[in-house]
Amino acid sequence: MDRNQLIGIVLIMAMLVGYQLLVPKPAPDAAQSGKKPAQTTQTTPPTTASGTSSTAASTARPSLDSATARARFGDFATVATGETRDVVVENKDMKVTFSTVGGRVKEVILKNYKTFDQKPLVLVDGRNSQTRLELPTNRGPVDLHRLYFKTSTQNSSVGGQAQTIRFTAEVAPGQSVEQVYTVPAEGYVISYDLKLNGLGNSVTNDNIRFYWQDRMQQYENDLANNVQSATINYLTADESFEKLAEGTSNQDVTADQPVQWFTIKHKYFLAGFVARNAPMPKASFQTLVNPDDKSVVKTAVADVTLPMADVKAGKGQYSFYYGPNDFQLLGTVAPEFDQNVYLGYSVLKPINKYFFVPVFNLLEKFISNYGLLIIALVVFVKLILTPLTYRSYVSMAKMRVLAPEIEAIKERVGDDMAKQQSEQMKLYQEVGVSPLSGCVPVLATMPILFALFMLFPNLIELRQKPFLWAGDLSTYDAFVTFPAIPFIGSHLSLFTVLMTASSIAYAYYNNQTTPTQPGPVNMKALSYVFPLMFMFVLNSYPAGLTFYYFVSNVVTIAQQQLIRRFVDETKIKAVLDDNRKKNAAGQGKKPGGFQALLQKQLAAAEEARKQAEEAQRKAKQKK
């Protein structure tokens, strides 16, 4: 290995190490994203007119005498005290607990899911999720979530049709606040209507403030990955999807347009709020990270306003979504709501959205074991790409046939790399071979590999699905654990090791059938280095992804072995010799595309060479 090869390998290794260090911390420029600089201080919940913080909403209040209640709540003093009662309503997918204190959602349990340690998945609870609904009154804001509501609904299970739960706070005869929830027979969308009856003289025309602070809990085994994935997503009135930057730093943004919906996004679950009529006029969001508190992934804060005009007109219609971040479920919740599932960059997203996700869900109907499903997906994709694979193999076969002539060129011109390349280009032109014809099919498959790289970490379908030694295909398979090591972590994924071994085996097989190309870097040597570098990058990625790559490598080797039986290199040599004769006699096809460009470059290079030789000759004559 010469000096240039060594420098090339070192530079590539440095790039990959840098990628490993930088990927976990995407921090977009605030100036480019339109966001305010991240704040490092914890958010203080807003206070009521009486000066109490929002944390008081979850604590019991002592009984208030009429004078004190009147002073604090004005016309709403009559509902400042009352009976505390929980109402539990559940359907086949979730169990929702409502409270008469605030007439609000107190707790949501997703019945079809468990946490990583097999505990009930409580997406919302009264201790970690705090809300305020501030109604602007003539005597200052009143938090509806601190008032007492009444309901006739008892604990129940939703049967064949949706169930309505109506909470009423009667301020005075003919004056009341109503909150109406509709729980579906199945699914995760709860309709919510807010109504003000006869309160026109008690409230102002200012917008209603809705504040939601959630101390996001850990549902997956990898806390660092949980922190990395947790964020707030939202959609503006012009249907522009936005999100706070993921990562480990605090984020703070104020939307510059009204907002149609927002979600507090965990890795695989969402708690969201949707405006079904007019959008929310103002909205600001925060995600806060406390590295010293391992009991909380992040603290998410949403502070939005609801248009008072709509509520007064009986159009205060909204929805809550408490459920999985499942692409198949989100499309009907609200416009662009399925963008909560990240499917990759704009170039790659159509591949996932219109191909891989539908194919994956189709295979789910027939294959219940997700390891076998991944194998079926690999075989399906490889069958589709067979024409490209065949074309690539034929191109390599042509290069193998020309290998003796290429070696002869090297011996004839010596170490002059420019001359070597020039002579090889002439040879390719003579026999009608494009050296890029083998690369194009390979490059065409790269978007598929990158699309899967983006898709698999976001597929909830793989969550807690076991296969072989992997207990959960949505996270790494910690086959061996050890003290933390830089760039590797505290575990070794066996599927990643198998992927690396199969990549090296494929590189070895490929190098045996591919002639060495001239250049400052030995690409054959690098083909062994890349898999080792990517082993460190992918060691903490989902086992389902590395298993897919492993199976893909194995199938590719088998596929090429099969194609090899149908490719006769003797016939290929005869075709190339025939092309050489036709071109020499001027009977060959007029070059086009790459061949035309190649011919033009060769002519320019030859002209430059002659000019250089002429300049050297004149310089010698002057001496």
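These notebook entries concern how helix H8 packs against helices H7 and H14 in a predicted model.

**Entry 1: H7 and H8**

I began with helix H7, residues 349-364, and helix H8, residues 370-384. Their axes come within 10 Å and cross at roughly 130°. I therefore recorded H7 as oblique to H8. I noted the crossing of H7 past H8 as right-handed.

I then looked up the residues that make this contact. From H7 I listed Phe 355, Phe 356, Val 359, Phe 360, Leu 363 and Glu 364. From H8 I listed Tyr 370, Leu 373, Ala 376, Leu 377, Phe 380, Val 381 and Ile 384. Sorted by class, the contact of H7 with H8 holds twelve nonpolar residues, no polar residues and one charged residue.

**Entry 2: H8 and H14**

I turned next to the packing of H8 with helix H14, which covers residues 543-564. The axes of H8 and H14 lie 9 Å apart, at an angle of about 45°. H8 and H14 are therefore oblique to each other.

On the H8 side, I found Gly 371, Ile 374, Ile 375, Leu 377, Val 378, Val 381 and Lys 382 in the contact. H14 contributes Gly 544, Phe 547, Tyr 548, Val 551, Ser 552, Val 555, Thr 556 and Gln 559. By class, I recorded nine nonpolar, five polar and one charged residues for the contact of H8 with H14.

Methods:
Residues numbered from 1 in each chain as written. Predicted model: local features only at pLDDT ≥ 70, side-chain atom pairs only at ≥ 80, totals over all residues. Heavy atoms only, no water. Axes fitted to C-alpha atoms, helices over the stretch in contact; angles between N-to-C directions. Helix = DSSP H or I, 4+ residues; strand = E, 2+ residues; numbered from the N terminus. Parallel < 35°, antiparallel > 145°, perpendicular 65-115°, else oblique. Left-handed = near helix turned anticlockwise from the far one by under 90°. Contact = heavy atoms within 4.5 Å. Nonpolar A, V, L, I, M, F, W, Y, C, P; charged D, E, K, R; others polar.
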